Amino acid sequence: MKSRVAILARSWGPNPVDRLTSTDELLGDLLRQVSRSFYLSLAILARPLRGPVGLAYLLARAADTVADTRLVARPQRIDHLQALRRAYAGQPADAGAVARACAPHQAHAAERRLLERVDAVLAAVAALPEGDRERVRAVLTTITEGMLFDLARFPGEDASGLAALETLDDLDRYTYLVAGCVGEFWTDLHLAHRPRLAGWDAAAMRATGVRFGKALQMTNVLRDVPSDLAHGRCYLPARELAGLGLGPADLLEPAGAARARPLLHRLLGLALDHYEAAWRYTLAIPRREWRMRLACTWPLLIGQATLEALAAQRNPFASAPVKVARADVRAILAGSTLTVWSNRALASAGARWRARIGRRLLA
């Protein structure tokens, strides 16, 4: 098994993002530094797809870094994000000025370098074929709308300014803006580049792709509740909390957070329903498109492993965010290289994780 994974890794070769600018190989290195897990999914894709997917990720991550730069006053962050949004859409805007304003405040070197390279990434996007360029610009318009929504909805910077989304519909809209739209982008991009997908019902698969993105974002939301609360953000809807006799501030105390466990069960159920749709999406990919199948399988397995770890905690809303161990991630990657060809094996893997999560909730 290890030898097969090693052969597969060697077959990926260098990331073509490195060759999308005439400057140097920084962007490839940067992408690995900014997100090793995303880089794995990107590297396994067919070469024509890696450029637009990787560039879209880098620009989305740069905008998210700006939105989270709390040493810059919120009104200025909103202005900076609006400037990036215009630049991402191909409109006149000084993205370099945004980088100069925010890069010095980054604690992580990779995020600082990312901001410093925004102009280079934008130039690479401008050099993409027209169809890919417009798809990248469209998805970034939606993602940055979600970031602006987030900054407007959560005006505080810490627990003293805690605010919450109001309804489940608000949560659903948020997960679409920052992740569900990526499922549409991913689907459109593959339909444009992979002839084996010609038999797909494009509208149906785009809709299912939206649910794929929502599954992964719901995982992030549930995993990050404690840290989000500390930064003044509660994505657990206030109306649902009120039904349990709770307000967002009650979640700051372990006893109040424990009383919210029925809401965890409900939101996990919603997330798992999205995962079911995401698995249908993955199993609809032709077996010969094994790269795409792996790129979809990996985040699903890691996401469900995260939900199982979350469900295993006695008081997950008052605990440190869970993280899947690297050894477990490696096991998931290795095992999936053997099962990616079989719909039955992949479906069984997804079902096993769902059953494990269910048992954790009942324990």
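Me: A salt bridge here is a side-chain nitrogen of Lys or Arg within 4 Å of a carboxyl oxygen of Asp or Glu, so what does the count come to by this rule?
Reply: The count comes to 21 salt bridges. Please keep in mind that this is a predicted model, in which local features need pLDDT of at least 70 and side-chain atom pairs count only at pLDDT 80 or more, while totals for chains, interfaces and linings use all residues. Residues are numbered from 1 along each chain as its sequence is written, and side-chain values use heavy atoms, with hydrogens and water left out.

Me: OK, what does the side chain of arginine 266 meet in a salt bridge?
Reply: Arginine 266 pairs with glutamate 240, with an N to O distance of 2.6 Å. The pair joins distant parts of the chain, since arginine 266 sits in helix H15 and glutamate 240 in helix H13 (residues 238–242), 26 residues apart; helices are DSSP runs of H or I with at least four residues, strands are E runs of at least two, and both are numbered from the N terminus.

Me: And how does arginine 266 count by relative accessibility?
Reply: Arginine 266 counts as partly exposed, at 45% relative accessibility, where buried means under 20% relative accessible area, exposed over 50% and partly exposed in between, using a 1.4 Å probe and protein chains only.

Me: Which residues are linked with Arg70 in a network of salt bridges?
Reply: Arg70 is linked with Arg74, Arg77 and Glu157 in that network.

Me: What forms a salt bridge with arginine 100?
Reply: That is aspartate 94, with the closest N and O atoms 3.7 Å apart; arginine 100 is exposed at 58% relative accessible area, whereas aspartate 94 is partly exposed at 46%.

Me: Switching to helices, at what angle do H5 and H9 pack?
Reply: Helix H5 (residues 74–88) packs against helix H9 (residues 130–153) at about 170 degrees, with the axes 9 Å apart. Axes are lines fitted to C-alpha atoms over the stretch in contact, and angles run from 0 to 180 degrees between N-to-C directions. H5 is therefore roughly antiparallel to H9, a term for angles over 145 degrees.

Me: Which residues in H5 meet H9?
Reply: Among them are Arg74, Arg77, Ile78 and Leu81 in H5, which face a set in H9 that includes Leu140, Thr144, Glu145 and Leu148; contact means heavy atoms within 4.5 Å.

Me: How about H3 and H16, at what angle do their axes cross?
Reply: The axes of H3 (residues 36–43) and H16 (residues 290–312) cross at roughly 160 degrees and come within 8 Å, so H3 too is roughly antiparallel to its partner. Leu40, Ser41 and Ala43 of H3 make the contact with Arg291, Ala295, Trp298 and Pro299 of H16.

Me: Is threonine 282 buried or exposed?
Reply: Threonine 282, in helix H15 (residues 261–283), is buried at 0%. Leaving aside residues up to four places away in sequence, threonine 282 touches Phe212, Arg293, Cys296, Thr297, Leu300 and Leu346.

Me: Last one: how many disulfides does a search of the whole structure find?
Reply: The search finds zero disulfides, a disulfide being a pair of cysteine sulfur atoms within 2.5 Å. Cysteine 181 is too far for a bond because the closest cysteine sulfur, in cysteine 296, is 16 Å from its own. Cysteine 181 is buried at 3%, and cysteine 234 is buried at 1%.

Conventions: Parallel < 35°, antiparallel > 145°, perpendicular 65-115°, else oblique.
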